Amino acid sequence: MSEITDTSGQSAGGREARASWRFLKNHLREYGILFALIAIMAFFQVATGGILLKPVNLTNLVLQNSYIVIMAIGMLLVIVAGHIDLSVGSVLGFIGALAAVMIVNWDMPYLLAGALCLVAGALIGAAQGFWIAYFRIPSFIVTLAGMLVFKGATRRRRCCRASTPSG
């Protein structure tokens, strides 16, 4: 008498594994940056002795990079529209310097200074968008000019001084 074995479970699992590898192989270009991120995180998790993924460190990373996330959300809209904004960092620096001057030198309340800075940033973006939309000037040129203007305006306004509450 011969013994009959059920290999359907093994072959189904084998087919699933092959299908997964085939999917990864076909989509490696699309998921490559994700794999690189996982590899970098694994390296630093080992290199730092397990500190990288602790909740306290993750909280610090989020808090320290929140302004970059805010800029990235704004840049997402610009990039999806098929344009580029080179002035975003310079405008952020200018608005930050403006906020420091309003709060420290002019004794303006924080919330009012924040609201005015939001309005100023929106007006700067609207002005640059006006040139791009109505005069058909390439966004690269308009935002490059904006980058130079606002970097210079920040340097001129700040004059290499610190605006801190202590002086």
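Colleague: Is Asp107 buried or exposed?

Modeller: In this predicted model, Asp107 counts as exposed because its relative accessibility is 65%, and the cut-off for exposed is over 50%.

Colleague: Where is the place of Asp107?

Modeller: Asp107 sits in the loop between H5 and H6. Its phi is near 50°, which is a positive value in a residue other than glycine.

Colleague: Which residue just after H6 takes a positive phi?

Modeller: That residue is Arg136, with a phi of about 55°. Arg136 is placed in the loop between H6 and helix H7 (139-158). At 67% relative accessibility, Arg136 counts as exposed.

Colleague: Let us step back. How many helices and strands does the protein have?

Modeller: The protein has 7 helices and 0 strands. From the N terminus on, its elements run α-α-α-α-α-α-α.

Colleague: And what share of the residues is buried?

Modeller: Buried residues make up 16% of the 167 residues in the protein. The protein exposes about 12900 Å², and carbon and sulfur atoms supply 70% of that area.

Colleague: What about contacts between residues 24 or more positions apart?

Modeller: Among contacts in the protein with a separation of 6 or more, 53% join residues 24 or more positions apart.

Colleague: Now helix H6. How many residues has it, and what distance does it reach?

Modeller: Helix H6 covers residues 110-134, which is 25 residues. From its first C-alpha to its last it reaches 35 Å, close to the 36 Å expected at 1.5 Å a residue.

Colleague: Why does the span of helix H4 agree with what it should be?

Modeller: Helix H4 (residues 66-80) has 15 residues, so at 1.5 Å a residue it should span 21 Å, and its end C-alpha atoms are 21 Å apart.

Colleague: Back to H6, which of its residues are buried?

Modeller: The buried residues in H6 are Ala113, Cys117, Ala120, Ile124, Gln128 and Ile132. An α-helix has 3.6 residues a turn, so residues three or four places apart point the same way.

Colleague: How do the axes of H5 and H6 cross?

Modeller: The axes of helix H5 (residues 88-105) and H6 come within 10 Å and cross at roughly 150°. The two helices are therefore roughly antiparallel to each other, as angles over 145 degrees count as such. The crossing of H5 and H6 is right-handed.

Colleague: Which residues make the contact?

Modeller: From H5, they include Val91, Phe94, Leu98 and Met102. From H6, they include Tyr110, Leu116, Cys117 and Gly121.

Colleague: One more residue, Ser87. Where is it found?

Modeller: Ser87 is found in the loop between H4 and H5. With 1% relative accessibility, Ser87 counts as buried.

Colleague: And which residues does Ser87 touch?

Modeller: Leaving aside residues up to four places away in sequence, Ser87 touches Gln128, Thr143, Gly146 and Met147. Gln128 is also one of the buried residues in H6.

How values were computed:
Residues numbered from 1 in each chain as written. Predicted model: local features only at pLDDT ≥ 70, side-chain atom pairs only at ≥ 80, totals over all residues. Heavy atoms only, no water. Helix = DSSP H or I, 4+ residues; strand = E, 2+ residues; numbered from the N terminus. Expected span 1.5 Å × (residues − 1). Buried < 20%, exposed > 50% of the residue type's maximum accessible area, 1.4 Å probe, protein only. Contact = heavy atoms within 4.5 Å. Areas by Shrake-Rupley, 256 points an atom, 1.4 Å probe, with all protein chains shown as cover. Axes fitted to C-alpha atoms, helices over the stretch in contact; angles between N-to-C directions. Parallel < 35°, antiparallel > 145°, perpendicular 65-115°, else oblique. Left-handed = near helix turned anticlockwise from the far one by under 90°.
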